[in-house]
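Keep the viewer open as you read.

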Amino acid sequence: MAQSPHFSIINHNSSSSDPLLTHNPHELIPLLELESFGEDPKNNIQDIPSPRILSTHLNLLNLPDSVLSSGCRVLYIARNPMDTLVSYWHFFNKPLGFSVLWTWFMRSSAVGLVVASRIRKEKEKESLLFLTYEELKEDPEKHVKRLAEFLGCSLASSEIKEIVKKSSYQRLRNLDVNQNGSEKVHWSGIGFGSFFRQGVVGDWKNHLSPEMVQRLDQIASQKFEGSGLELESIVRSS
C-alpha cells in the first residue's frame, strides 16, 4: 500500500469518482517541508480543503510541539531499515540517475539517515498512531480499520475492503497515471512510475551481506534505544 489509504479513508464519502485514477498519491498528499512550506512552496496550505492531509520525511522530534498539542492526528509509518536501505539505493541509482556502489552507500551517512528517526514514548498518545509497513502488508484490512478509527471515521466492512482494494500496491502500480512516460510527472521531474518498484517485504536478503546486516543491527539498536520499540518487530520482521 502506498500513501493512499488515509486519503481514501478521509474522502470515502466525498465523491463518486476515484481521484487515484487520475492522480498519483504524491499529488493528493503534499510533502510538508517542500510543497507546503519552504522558499518556493508548490501548494498554498490555505487552499487545501479541511481536513488536510500532509506527508513529511521529517523526524517527529524536528516538528514543532504544536503538531501534537493542536489536535492534529499524526500517523507515523516505519519500515524495516534493511528494506528501506535497499529501496533508497535503487531510487538513487535509477530515477535520480546516480551510479552508487553498495560499498560507498554503506559507508556513507545515508545508512544512519535510514534508521535515524527515533520515536518518543509519546507514540502511545491519542494523537499519534504508530504503524509499520510490514503490519500493513500482512493484514491490510485490520490496520485500515485501525487507521480509520484513529482518524474518527466509522467504516463498514465493505468500505474497508474497497479502500484496501483501491490502495493496493498492484492496482496503483498498474494505473496509467503511475506509468513512466505518462503526461504527468512528479513536481521534481521524476516519472511517477519511479515510486513503484516491488513493494515486498524482505527484499534486503537479496542485496545485503551478513556484515551489512550486522552493521544495520548495531545502528538500529543505538537509534531505537529508549524509544519503547521492539526491534525484533521492525528490524527482523522480514
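Strand β2 is mostly covered, with 5 of its 5 residues buried; buried here means under 20% relative accessible area, exposed means over 50%, and partly exposed is in between (1.4 Å probe, protein chains only). The cover is on both faces: Leu128, Phe130 and Thr132 are buried on one side, and Leu129 and Leu131 on the other. A word on provenance: this is a predicted model, where local features need pLDDT of at least 70 and side-chain atom pairs count only at pLDDT 80 or more, while totals for chains, interfaces and linings use all residues. Residues are numbered from 1 along each chain as its sequence is written, and side-chain values use heavy atoms, with hydrogens and water left out.

What does β2 pair with? Its partner is β1, in the parallel sense and over 5 bridges; strands pair if DSSP finds at least two bridges between them. The protein has 2 strands along with 13 helices, where both kinds of element are DSSP runs numbered from the N terminus (helices are H or I with at least four residues, strands are E with at least two). Look at tyrosine 76, whose bridge partner in β2 is phenylalanine 130.

Those two residues turn up again among the rings. A pair of aromatic rings is described by the distance of the centres and the angle of the planes. The cut-offs used here are as follows: rings of Phe, Tyr and Trp (its six-membered ring) pair if their centres lie within 6.5 Å, and planes under 30 degrees apart count as stacked, over 60 as edge-to-face and the rest as tilted. The structure holds 2 such aromatic pairs. Tyrosine 76 and phenylalanine 130 make a stacked one, at 6.1 Å centre to centre with 25° between the planes. Tyrosine 76 belongs to β1 (residues 74-78) and phenylalanine 130 to β2 (residues 128-132), so this pair ties together parts 54 residues apart in sequence. Both tyrosine 76 and phenylalanine 130 are buried.

The other pair is tyrosine 169 with phenylalanine 196: the ring centres are 5.7 Å apart and the planes are at 50°, so this pair is tilted. Tyrosine 169 sits in helix α11 (residues 169-174) and phenylalanine 196 in the loop between α11 and α12 (210-224), so parts 27 residues apart in sequence are tied together. Again, both tyrosine 169 and phenylalanine 196 are buried.

Rings also meet charges in this model. A charge sits over a ring if NZ of Lys or CZ of Arg is within 6 Å of the ring centre and within 35 degrees of the ring normal. The charged end of arginine 73 does this over phenylalanine 150, 5.0 Å from the ring centre. Arginine 79 has its charged end over the ring of tyrosine 133, 4.2 Å from the centre.

Now for the nonpolar side, where a core is a set of buried Ala, Val, Leu, Ile, Met, Phe, Trp, Tyr and Cys residues joined through side-chain atoms within 4.5 Å. The largest such core has 13 residues, and Ile9, Val144 and Leu155 have the most contacts inside it. Two or more residues each come from β2, α9 (140-150) and α10 (157-166). The most come from α9, which gives 4.

How many salt bridges does a search of the whole structure find? There are 4, counting a side-chain nitrogen of Lys or Arg within 4 Å of a carboxyl oxygen of Asp or Glu. In one of them, arginine 171 meets aspartate 18, with the closest N and O atoms 2.7 Å apart. Arginine 171 is in helix α11 and aspartate 18 in the loop between α1 (4-10) and α2 (25-28), so the pair ties together parts 153 residues apart in sequence. Arginine 171 is partly exposed at 23% relative accessibility, whereas aspartate 18, at 13%, is buried.

Lysine 161 and glutamate 141 form another salt bridge, with 3.3 Å between the closest N and O atoms. Lysine 161 lies in α10 and glutamate 141 in α9, so this bridge ties together parts 20 residues apart in sequence. Lysine 161 is partly exposed at 44%, and glutamate 141 is partly exposed at 33%.
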